[in-house]
Amino acid sequence: MELSLDEIVKAIDGKIVINKENLIFNEVCTDTRKIEKDNLFIALKGANFNGNDYANMAIEKGASLVIIDEIKFDINEFENKAVVIKVADTKKALGNLAKYYRKKLGIKVVGITGSTGKTSTKDLVAAFLSGKYRVFKTQGNFNNDIGLPLMILKLDKNYDIAVLEMGMNNFGEIRTLADIARPDIAAITNVGVAHIEYLKTRENILKEKMSISHYFGEKNELIINCENDMLRTVDINQGFVLQRTGYSKDCDLYAENLELNSESTIFDVVTRENKRYRFALNMVGEHNILNALLGIQVSLDLGVTFDEMKKGLENFKATSMRLEIINKKNFTIINDSYNANPDSMKAALDVLYNYSGKRKIAVLGDMGELGEYASKGHTEVGEYATTKADVLLTTGEFKKCYEEGFKGTCMIFANKKDIINKLKEFIKDEDIILVKASRSAKFEEIVSEIDEIFE
């Protein structure tokens, strides 16, 4: 991390309460269990923990710089062992430090948000750009007001571009992230019903997603997927460059001649200047074409050629548990257990339906943060699954809603263990099994057990 102590104190409006000679510090850490020598430890607070309680432990384990908002140890014990800076709020300090650092580095930032597909789109954008640039991308799901600053603080001048994912579940959160990251270019994948429990309407969700452009000027660019009904309503006169992607020839960039199979997704991309290129993604699902279009437009705007994008796809690495294909000896698992909402459920069911095999089995669990829409959302997904799956296995709070919607063989279970036991005896040769639920359901445990049993 390329910052001096004076810069850190200035950025976070802090006060040095313990000083140390010959200070050397490297990476930021917020977990004392992972502290390494010369780390910068920030004492964050959560519902069930207070990082200030562990500040002394962080120093003892090798942290050379510690940021706190409460002094909960004897200062005299650690004189000249570390620099300790006190601030009003460590969480705000983390964001302010990242904002300062992003401005100092001055590299290009691409922001990605949307109700679904953020992570896949981030992975695709990073891959396309890597054909020409040195690219950093958000690791895993570090996309909130703690994760995003931590990602920015991992950057250095070895990178040309940072592709940063921005998530939210309530009002004002995307604007906060946009203030920290100040993206030069942003893309919105779609507007669905994820987090509608807190935002109440899709119109509110659209407004929240659009706030990624809050700090844009006339040269900044926002790219939107106009196959989404809400994004299609966005006014082009926004005070910045708005570019539209989709299947319509009216878009700035559109796809046609789609070819979907069990191994890849192939399509032609066409620009407004009628330049054409055929792409092949090692990903399944038509929704990934729409995600890819966003990435291709971002790359074009940053001066990457189609040939360079194709080269970059060789570096593509998808984040795990998102439509991860696990080929067993006699059957296939589609592991999409990282998270779920009605839109991503339907996209995954489309993949199940189009995947080459005999029986299509959907193993579905609860979708979180839907509020009053929860019962209806689960029933609708059950209805949608009727034409996509031969059999539905389910458990959780809303299992009866799935059963109500699904007009086929639906098996309800008390828990995940019972589903696993059923699958042991139920799986046949050439079955295709989709496993999907919200993160809290931990359906990856089903995948792991079945994967091991049939090793």
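# Notebook: a walk through a predicted model

I began at Ile-24, which sits in the loop between E1 and E2. Strands (E, at least two residues) and helices (H or I, at least four) are DSSP runs, numbered from the N terminus. Before going on, I noted that this is a predicted model, where local features need pLDDT of at least 70 and side-chain atom pairs count only at pLDDT 80 or more, while totals for chains, interfaces and linings use all residues. I also noted that residues are numbered from 1 along each chain as its sequence is written, and that side-chain values use heavy atoms, with hydrogens and water left out.

Is Ile-24 buried or exposed? I found that Ile-24 counts as exposed, because its relative accessibility is 56%. My cut-offs are under 20% relative accessible area for buried, over 50% for exposed, and partly exposed in between, using a 1.4 Å probe and protein chains only.

Next I looked up which residues Ile-24 touches, not counting those up to four places away in sequence, and found Asp-38 and Ser-64. Contact here means heavy atoms within 4.5 Å. I also checked Ser-4, which is 20 residues from Ile-24 along the chain; their C-alpha atoms are separated by 9.5 Å.

Asn-22 lies in the loop between strand E1 (15–18) and strand E2 (28–29). Asn-22 is not a glycine, yet it has a positive phi of about 55°. I wrote down Asn-22 as exposed, because its relative accessible area is 70%.

**Entry: another asparagine**

Where is Asn-274? I found Asn-274 in the loop between strand E13 (265–271) and strand E14 (276–281). Its phi is positive too, about 65°, although Asn-274 is not a glycine. With a relative accessible area of 54%, Asn-274 is exposed.

I moved on to Thr-305, in the loop between helix H9 (287–301) and helix H10 (306–312). Thr-305 has a relative accessible area of 40%, so I put it down as partly exposed. I then picked Glu-173, 132 residues from Thr-305 along the chain, and the two C-alpha atoms came out 34 Å apart.

Lys-422 belongs to helix H14 (residues 416–426). Lys-422 is partly exposed, with a relative accessible area of 23%. Which residues does Lys-422 contact, leaving aside neighbours within four places in sequence? I listed Leu-393, Met-411 and Phe-413. Ala-58 is 364 residues from Lys-422 in sequence, and their C-alpha atoms are 47 Å apart in space.

**Entry: domains from the record**

I looked up the UniProt entry, which is unreviewed, and it lists "domain: Mur ligase N-terminal catalytic" at residues 28–101. UniProt positions are in the numbering used here, feature names are shortened, and annotations may be inferred rather than shown by experiment. In the model, residues 28–101 are 24% helix and 18% strand, and the end C-alpha atoms lie 12 Å apart.

The unreviewed entry gives "domain: Mur ligase central" as residues 112–297. I found 27% helix and 25% strand over residues 112–297, with 13 Å between the end C-alpha atoms.

For "domain: Mur ligase C-terminal", the unreviewed entry lists residues 321–439. Residues 321–439 are 36% helix and 22% strand, and their end C-alpha atoms are 10 Å apart.

**Entry: the whole protein**

How many helices and strands are there in the protein? I counted 15 helices and 20 strands.

Along its principal axes the C-alpha trace spans about 70 × 55 × 40 Å.

Among contacts with a separation of 6 or more, 64% come from residues 24 or more positions apart.

Last, I looked at charge: the protein has 62 positive and 69 negative side chains, and the centres of the two sets lie 1 Å apart. Lys and Arg count as positive and Asp and Glu as negative, while His and the chain ends are not counted. The place of a charge is NZ of Lys, CZ of Arg, CG of Asp or CD of Glu.
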